[in-house]
Amino acid sequence: MNKKRVNAVVIGAGAGGGIVAKELAVNGLSVVLFERGKWPVYDEHPNDELISQRTEVLGSPFGPDHEKNPRVVVEADGRRHIVTPIAGGYSNNAACVGSGTVSYGAMAWRFMKEDFQLKTIYGPVEGSTLEDWPITYDDLEPFYEKAEWEIGVSGDDASNPFAPHRRKKQPMPPFEYNHEGTVIYNAAKRLGLHPFPIPMLRNSVRYNQRPACIRNRMCCGFACPVDAKNGTQNTVIPIALKTGNCEVRTQCMIAEIVINEKGKAEGVNYFDEKNKGHFQPADIVVVSGGAIETARLLLNSKSKLFPRGAGNNYDWVGRNLQGHAYTGAFGLFDYDILDLTGPGATVALCDFNHHNPGMVGGGLLANEFNRLPYLYTNIRPPGSARWGIDHKKFQYEMYRRTSQVVGPIQEMPAFDSRVTVDDNVKDFWGLPVARLSGSRHPLDYENCRFLSAKAEEILKEAGAYHTWQSVGGRGLSGGQHQAGTARMGNDKKTSVVNRFGQMHEIDNLFIADGSLMVNNGGFNPALTIMALGYWVGGYIANNFSSTKFRTG
Amino acid sequence: MDKFSRRDFIKTSGIVAGGLLLLPCCRYTEQPYRFFSPEEADCIIALSEQIIPHDKYPGATDAGVIYYIDRQLSSVFHYDQQTYRLGIESMQLACNDMHKKLFQDLPVSAQIMVMEEMEAGNLNKYNWPGGNLSSFFNLVLKHTMQAFYGSPIHGGNKDYMSFEMLQIDYPLVIGQNRYNS
Ligand SMILES: Cc1cc2nc3c(=O)[nH]c(=O)nc-3n(C[C@H](O)[C@H](O)[C@H](O)COP(=O)(O)OP(=O)(O)OC[C@H]3O[C@@H](n4cnc5c(N)ncnc54)[C@H](O)[C@@H]3O)c2cc1C
């Protein structure tokens with residue numbers, strides 16, 4: 001059945017999509033914001049480590065349903081596995097209104113100037129599709145500011161000499177260090193480094209009519225019981241709804257973007273919550289499904305002019321899948337270094353994000369979110385007992401005495417690290433699922449070794465009596481920080497969209513999510529995805545009246 | 001009913017249920033497992049007890065780890081059923097060859113030895129199509145940790161035993177320390 005035509009369909013109510021929907025709605029466009037998941041309801045989710053978005057053992061509280069949404073993972077030796085959100089390298093983020101921004105750790109990083117110009121600064125990297133962004137930090141700066149003020153960020157850059165310039169402070173003061181944070185801060189200072197409080201999309205004081213954070217032991221992987229964590233579900237999406245111009249249609253799975261014979265998007269085909277098929281016509285379509293699902297949807301949207309999927313005539317859709325290799329070190333202390341003041345991560349430094357000798361890029365280092373008991377069972381120095389009385393003793397003697405300094409390494413984009421669709425494996429709705437394959441660039445592992453060594457130095461200086469490194473950076477990329485699969489660029493032959501997130505050859509089809517990112521920085525990506533949401537949304541709103549976007 | 005708090009209600013119904021247990025018709029013990037046979041369960045109980053042994057704090061048996069595993073195998077982890085069935089069978093075969101006993105009937109020191117051999121992948125002759133004892137061991141290890149350290153609502157960690165051991169209170173996310181020792 002056909003639905004009433006609207007100006008814009010936005011697919012995915014996460015970080016990028018929620019913001020675009022709001023930008024369009026407040027500027028008078030009629031919008032349907034589609035989300036395959038539901039509105040998150042705090043009380044539906046027990047405070048349960050085994051069903052948390054961080055440790056998805058028995059289920060993913062914020063979606064997607066693990067029975068209905070398989071994916072395929074291809075190993076280095078070519079073996080294919082069907083995986084689910086609770087088993088085997090799925091790379092889940094979330095599926096609900098707000099998506100990852102409901103349950104994220106909420107670190108609120110701006111990328112640095114350098115992150116937008118890696119190729120210019122470091123030169124080409126063999127075996128990598130490394131490229132400069134078609135936009136600069138300066139282009140995005142006002143939109144970072146908008147994200148910080150509208151969504152809500154606590155922080156202070158003053159003591160971070162590597163921070164990119166900003167016109168306006170973050171709206172809320174930073175969080176205080178917990179005990180571990182203070183110890184790491186002091187050690188980093190003694191080493192001549194430049195530690196400072198982690199910026200957070202979390203209220204340090206009352207903001208936006210919602211309360212301040214109560215420093216729960218943990219919130220990474222959970223929704224906030226007092227609603228002090230800021231995502232799109234409790235900020236921009238409600239604003240969009242208030243305009244009366246936006247409808248959020250939940251539990252609707254978009255199956256396909258319909259592209260007509262003239263190469264314009266006509267609207268979308270989708271299944272509603274009763275699995276009934278519909279067509280929703282629209283003047284423009286914005287895809288914000290997250291890097292993996294966005295690529296999958298584009299690839300599943302085949303048409304006469306784009307037989308290999310929307311915008312994929314040059315085979316770049318789904319390529320350059322990046323995430324973040326997490327890397328760092330652990331240290332054991334002979335006193336309780338963790339006071340479990342939540343959610344844990346409080347102090348960071350950007351000394352190693354750029355200009356490291358012989359390296360391309362780098363990554364931030366920070367202390368880590370508090371670990372809940374099951375997660376901690378896997379944290380042991382190499383060679384330790386994995387079970388038995390010694391394992392148990394370590395658990396109760398060291399739970400508060402283990403510190404971790406860790407960070408996301410900037411991955412080198414790799415052409416063969418990619419999302420394709422698997423025509424032999426279908427989801428609940430009969431749609432070919434995303435297939436993840438390829439592996440990280442070899443440089444990532446080298447960079448991880450460098451950053452882990454730095455982390456270990458800090459822990460030693462902090463007084464750890466025993467330290468060990470955990471080095472990441474090999475194998476398949478993706479994960480919660482998935483990015484890069486529909487990257488921006490000026491050349492239609494080596495990118496998917498232009499600098500405004502507009503498809504090179506489909507004027508009224510836009511992307512606004514992590515897929516846009518040319519590279520993923522050495523920082524958690526959410527604030528940059530939000531800034532990109534404002535950037536793309538603002539461009540559409542400003543240019544909508546020009547007829548070129550209209551199908552009719 | 002209005003005057004009762006939820007907790008009172010649970011307490012009251014507990015007394016009723018306790019009373020019922022005294023009736024002669026209920027003396028026969030019902031099969032308490034959904035997936036395991038009693039003998040299989042005894043094997044997994046013994047195995048998980050050595051993964052998380054009782055010391056000054058309760059161990060896997062006290063915490064009801066078996067109920068977590070049994071329940072999850074009949075629901076979320078249904079795809080691991082075959083591995084458990086064949087894993088237990090081949091583990092018992094190995095114990096019989098080496099000691100002429102079931103795993104659960106071995107002295108602790110011998111149990112630990114068998115477990116070390118399993119973990120190290122030294123019992124390859126007991127492989128079965130699509131499985132082997134070292135990956136079975138790792139699976140039981142993982143499930144035992146989940147059961148003991150996860151939330152009691154899934155069947156293990158009875159009375160929040162492991163949280164008490166770690167001196168963290170419930171609910172985990174919002175709690176502050178309650179067990180001051
Ligand atoms: C536990 C956890 C901790 C994290 N911590 C941090 C952190 O501290 N800092 C940080 O920067 N980032 C963090 N992240 C990552 C952050 O949440 C993501 O980077 C961000 O949400 C990605 O934004 P996006 O717009 O690309 O996609 P998403 O926010 O994932 O939004 C995509 C939405 O589209 C929907 N969708 C997809 N396909 C379809 C379809 N076909 N039809 C209908 N709907 C569809 C999905 O259900 C989803 O809701 C964390 C994530 C998790 C899960």
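Me: How far from a polar backbone atom of A:C96 is an oxygen atom of the ligand?
Reply: Happy to start there. This is a predicted model, where local features need pLDDT of at least 70, side-chain atom pairs count only at pLDDT 80 or more, and totals for chains, interfaces and linings use all residues. Residues are numbered from 1 along each chain as its sequence is written, chains are lettered from A and ligands numbered from 1 in the order written, and side-chain values use heavy atoms, without hydrogens and water. For A:C96, the distance from its polar backbone atom to a ligand oxygen is 3.3 Å.

Me: Which residue places a polar side-chain atom 2.8 Å from an oxygen atom of the ligand?
Reply: Let's look at the backbone first: a polar backbone atom of A:A106 is 3.0 Å from a ligand oxygen. The side-chain atom at 2.8 Å from a ligand oxygen belongs to A:R36.

Me: How many charged residues does the shell around the ligand have?
Reply: The ligand is surrounded by 36 residues, each with a heavy atom within 4 Å of it. By class, 15 are nonpolar and 17 polar, and the charged ones number four.

Notes:
A polar contact is a pair of N or O atoms within 3.5 Å; within protein, one must be able to donate a hydrogen and the other to accept it, and residues adjacent in sequence count only if both atoms are side-chain atoms. Ala, Val, Leu, Ile, Met, Phe, Trp, Tyr, Cys and Pro count as nonpolar, Asp, Glu, Lys and Arg as charged, and the others, Gly among them, as polar.
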